[in-house]
Amino acid sequence: MGLRNSLEVSGGINFSEPSLSLNFDYRYSRRWSYIADQRRELPLYSRHRLRLATRYVCRFRNWLTERPVSLFTIESILYLQSGQRLPSLGARGEAPERSPGFSRWDMELELPFNRWFSKSKFFKQTGFRLGVQQLLNRQQKTLIYGAEDPFSADFEGGYQWGSTVGRRFYLHFRYQLM
(Lines give C-alpha, C1' and ligand atoms only; values in the text may rest on other atoms or scores of the structure.)
Protein backbone atom coordinates (compact mmCIF):
# COMPACT_ATOMS: atom_id res chain seq x y z
CA MET A 1 0.00 0.00 0.00
CA GLY A 2 1.52 3.33 -1.06
CA LEU A 3 0.81 6.59 0.71
CA ARG A 4 1.52 10.13 -0.38
CA ASN A 5 1.64 13.71 0.91
CA SER A 6 2.00 16.51 -1.58
CA LEU A 7 1.87 20.27 -1.85
CA GLU A 8 1.90 22.28 -5.07
CA VAL A 9 2.48 26.01 -5.40
CA SER A 10 2.45 27.95 -8.66
CA GLY A 11 2.75 31.61 -9.42
CA GLY A 12 3.79 34.13 -11.94
CA ILE A 13 4.07 37.76 -12.79
CA ASN A 14 3.64 39.42 -16.18
CA PHE A 15 4.88 42.83 -17.20
CA SER A 16 3.39 44.49 -20.28
CA GLU A 17 6.24 46.94 -20.99
CA PRO A 18 8.67 45.31 -21.56
CA SER A 19 6.83 42.11 -22.36
CA LEU A 20 8.36 39.92 -19.68
CA SER A 21 6.85 37.05 -17.73
CA LEU A 22 8.28 35.14 -14.78
CA ASN A 23 6.67 31.90 -13.62
CA PHE A 24 7.45 29.26 -11.03
CA ASP A 25 6.02 25.89 -10.08
CA TYR A 26 7.02 24.08 -6.90
CA ARG A 27 5.97 20.62 -5.83
CA TYR A 28 6.69 18.88 -2.54
CA SER A 29 5.78 15.23 -2.70
CA ARG A 30 6.55 12.56 -0.14
CA ARG A 31 5.67 8.99 -1.06
CA TRP A 32 6.18 5.96 1.10
CA SER A 33 5.16 2.39 1.51
CA TYR A 34 5.32 -0.21 4.25
CA ILE A 35 7.94 -2.87 3.54
CA ALA A 36 8.27 -5.61 6.20
CA ASP A 37 6.24 -3.43 8.60
CA GLN A 38 8.67 -0.55 8.17
CA ARG A 39 7.68 2.75 6.64
CA ARG A 40 10.08 3.37 3.70
CA GLU A 41 10.25 6.18 1.20
CA LEU A 42 9.46 4.95 -2.31
CA PRO A 43 12.50 4.91 -4.60
CA LEU A 44 13.00 7.18 -7.61
CA TYR A 45 10.68 9.99 -6.45
CA SER A 46 12.05 13.48 -5.75
CA ARG A 47 10.63 15.25 -2.73
CA HIS A 48 11.23 18.72 -4.14
CA ARG A 49 10.73 19.87 -7.74
CA LEU A 50 11.03 23.46 -8.88
CA ARG A 51 10.48 24.96 -12.33
CA LEU A 52 11.47 28.57 -13.05
CA ALA A 53 10.50 30.04 -16.41
CA THR A 54 11.25 33.41 -17.97
CA ARG A 55 9.85 34.65 -21.26
CA TYR A 56 10.75 37.92 -22.96
CA VAL A 57 9.12 39.26 -26.13
CA CYS A 58 11.07 42.01 -27.87
CA ARG A 59 8.73 44.34 -29.75
CA PHE A 60 9.09 47.36 -31.95
CA ARG A 61 6.55 49.74 -33.40
CA ASN A 62 5.86 49.33 -37.08
CA TRP A 63 6.33 52.78 -38.59
CA LEU A 64 3.56 52.23 -41.17
CA THR A 65 0.80 50.83 -39.00
CA GLU A 66 1.98 52.19 -35.62
CA ARG A 67 1.22 48.77 -34.12
CA PRO A 68 3.71 46.79 -32.03
CA VAL A 69 5.31 43.89 -33.89
CA SER A 70 7.11 41.01 -32.20
CA LEU A 71 10.77 40.98 -33.25
CA PHE A 72 11.78 37.86 -31.32
CA THR A 73 10.88 35.82 -28.25
CA ILE A 74 13.36 34.22 -25.90
CA GLU A 75 12.34 31.69 -23.28
CA SER A 76 14.44 30.14 -20.55
CA ILE A 77 13.33 27.31 -18.23
CA LEU A 78 15.31 25.97 -15.28
CA TYR A 79 14.28 22.69 -13.62
CA LEU A 80 15.61 21.78 -10.17
CA GLN A 81 14.99 18.41 -8.57
CA SER A 82 16.13 17.13 -5.18
CA GLY A 83 17.84 13.80 -4.60
CA GLN A 84 15.85 10.57 -4.62
CA ARG A 85 16.11 7.35 -2.66
CA LEU A 86 17.60 4.69 -4.90
CA PRO A 87 16.60 1.04 -4.71
CA SER A 88 19.05 -1.24 -2.97
CA LEU A 89 21.21 -3.45 -5.15
CA GLY A 90 21.62 -5.95 -2.34
CA ALA A 91 24.38 -8.47 -3.05
CA ARG A 92 24.67 -7.23 -6.65
CA GLY A 93 26.91 -4.30 -5.86
CA GLU A 94 27.41 -0.99 -4.15
CA ALA A 95 25.27 2.00 -5.03
CA PRO A 96 24.58 5.22 -3.14
CA GLU A 97 21.43 5.31 -1.05
CA ARG A 98 20.34 8.64 -2.57
CA SER A 99 20.92 10.23 -5.92
CA PRO A 100 22.37 13.75 -6.04
CA GLY A 101 20.13 16.70 -6.82
CA PHE A 102 19.57 17.33 -10.50
CA SER A 103 19.13 20.44 -12.62
CA ARG A 104 18.31 21.12 -16.25
CA TRP A 105 18.26 24.38 -18.19
CA ASP A 106 16.53 24.83 -21.56
CA MET A 107 16.50 27.93 -23.78
CA GLU A 108 14.61 28.77 -26.97
CA LEU A 109 14.69 31.68 -29.41
CA GLU A 110 11.70 32.24 -31.69
CA LEU A 111 11.91 34.39 -34.80
CA PRO A 112 8.38 35.00 -36.13
CA PHE A 113 8.96 35.80 -39.81
CA ASN A 114 5.21 36.01 -40.31
CA ARG A 115 5.15 39.17 -38.18
CA TRP A 116 8.17 40.78 -39.80
CA PHE A 117 7.15 40.44 -43.43
CA SER A 118 3.40 40.90 -43.49
CA LYS A 119 3.28 41.67 -47.24
CA SER A 120 5.18 38.55 -48.40
CA LYS A 121 2.97 35.50 -48.81
CA PHE A 122 5.84 33.06 -48.19
CA PHE A 123 7.13 34.70 -45.01
CA LYS A 124 3.62 35.32 -43.73
CA GLN A 125 3.24 31.56 -43.29
CA THR A 126 6.65 30.80 -41.71
CA GLY A 127 8.19 30.66 -38.29
CA PHE A 128 11.61 29.69 -37.04
CA ARG A 129 12.89 28.46 -33.65
CA LEU A 130 16.38 27.77 -32.41
CA GLY A 131 16.84 26.05 -29.08
CA VAL A 132 19.10 24.19 -26.76
CA GLN A 133 18.01 21.57 -24.24
CA GLN A 134 20.10 20.55 -21.25
CA LEU A 135 22.30 23.65 -21.50
CA LEU A 136 24.22 22.65 -18.35
CA ASN A 137 25.08 19.27 -19.93
CA ARG A 138 24.50 17.37 -16.67
CA GLN A 139 24.09 13.63 -17.07
CA GLN A 140 23.82 10.63 -14.83
CA LYS A 141 27.17 8.84 -14.72
CA THR A 142 26.16 5.19 -14.23
CA LEU A 143 23.01 4.28 -16.12
CA ILE A 144 23.00 0.50 -15.90
CA TYR A 145 24.69 -1.59 -13.22
CA GLY A 146 26.17 -4.81 -14.53
CA ALA A 147 25.93 -3.70 -18.17
CA GLU A 148 28.99 -5.80 -19.03
CA ASP A 149 26.96 -8.99 -18.58
CA PRO A 150 23.23 -8.30 -19.08
CA PHE A 151 22.21 -11.92 -18.42
CA SER A 152 23.88 -12.17 -15.01
CA ALA A 153 22.21 -11.74 -11.62
CA ASP A 154 24.19 -8.49 -11.15
CA PHE A 155 22.35 -6.71 -13.96
CA GLU A 156 20.15 -3.77 -12.91
CA GLY A 157 18.67 -1.41 -15.49
CA GLY A 158 16.31 0.53 -13.24
CA TYR A 159 18.61 3.23 -11.89
CA GLN A 160 17.75 6.13 -14.19
CA TRP A 161 17.13 9.06 -11.87
CA GLY A 162 18.47 11.86 -14.09
CA SER A 163 19.00 12.82 -17.67
CA THR A 164 20.66 10.23 -19.86
CA VAL A 165 21.20 12.60 -22.79
CA GLY A 166 23.53 15.59 -22.77
CA ARG A 167 23.21 18.96 -24.44
CA ARG A 168 21.08 19.01 -27.59
CA PHE A 169 20.55 21.76 -30.11
CA TYR A 170 17.56 21.97 -32.38
CA LEU A 171 16.31 24.06 -35.25
CA HIS A 172 12.61 24.21 -36.03
CA PHE A 173 11.19 25.67 -39.22
CA ARG A 174 7.44 25.98 -39.62
CA TYR A 175 5.50 26.64 -42.79
CA GLN A 176 1.72 26.78 -42.73
CA LEU A 177 -0.04 25.49 -45.83
CA MET A 178 -3.32 27.26 -45.19
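This is a predicted model: local features need pLDDT of at least 70, side-chain atom pairs count only at pLDDT 80 or more; totals for chains, interfaces and linings use all residues.
Glu 110 itself is in strand β6.

Q: What makes the pair of Phe 102 and Trp 161 stacked or edge-to-face?
A: Look at the planes: they sit at 80°, and over 60 degrees counts as edge-to-face. So this one is edge-to-face. The ring centres are 6.4 Å apart, and the cut-off for a pair is within 6.5 Å. The structure holds two aromatic pairs.

Q: Why does the pair of Phe 102 and Trp 161 tie together parts that are apart in sequence?
A: Phe 102 lies in strand β6, while Trp 161 is in the loop between β7 (126–133) and β8 (168–175), so the parts joined are 59 residues apart in sequence. Both residues are buried, too.

Q: How do you know that Arg 39 lies over the face of Trp 32?
A: Arg 39 is 3.8 Å from the ring centre, and the distance limit is within 6 Å. The angle has its own limit, within 35 degrees of the ring normal. Arg 39 is listed as lying over the face of Trp 32.

Q: What makes up the lining of the largest pocket, by class?
A: Eight nonpolar, eight polar and seven charged residues. The pocket holds about 370 Å³ of space. Among the lining residues closest to its centre are Arg 49, Tyr 79 and Arg 104.

Notes
Residues are numbered from 1 along each chain as its sequence is written. Side-chain values use heavy atoms; hydrogens and water are left out. On a 1 Å grid over the protein atoms alone, a cavity is a set of points where a 1.4 Å probe fits but cannot get out, and a pocket is an open set with protein on both sides within 12 Å along at least five of seven lines; lining residues have an atom within 4 Å of a point. Grid points are joined across faces, edges and corners, and a volume is the space filled by probe spheres set on the points. Ala, Val, Leu, Ile, Met, Phe, Trp, Tyr, Cys and Pro count as nonpolar, Asp, Glu, Lys and Arg as charged, and the others, Gly among them, as polar. Rings of Phe, Tyr and Trp (its six-membered ring) pair if their centres lie within 6.5 Å; planes under 30 degrees apart count as stacked, over 60 as edge-to-face and the rest as tilted. Helices (H or I, at least four residues) and strands (E, at least two) are DSSP runs, numbered from the N terminus. Buried means under 20% relative accessible area, exposed over 50%, partly exposed in between (1.4 Å probe, protein chains only).
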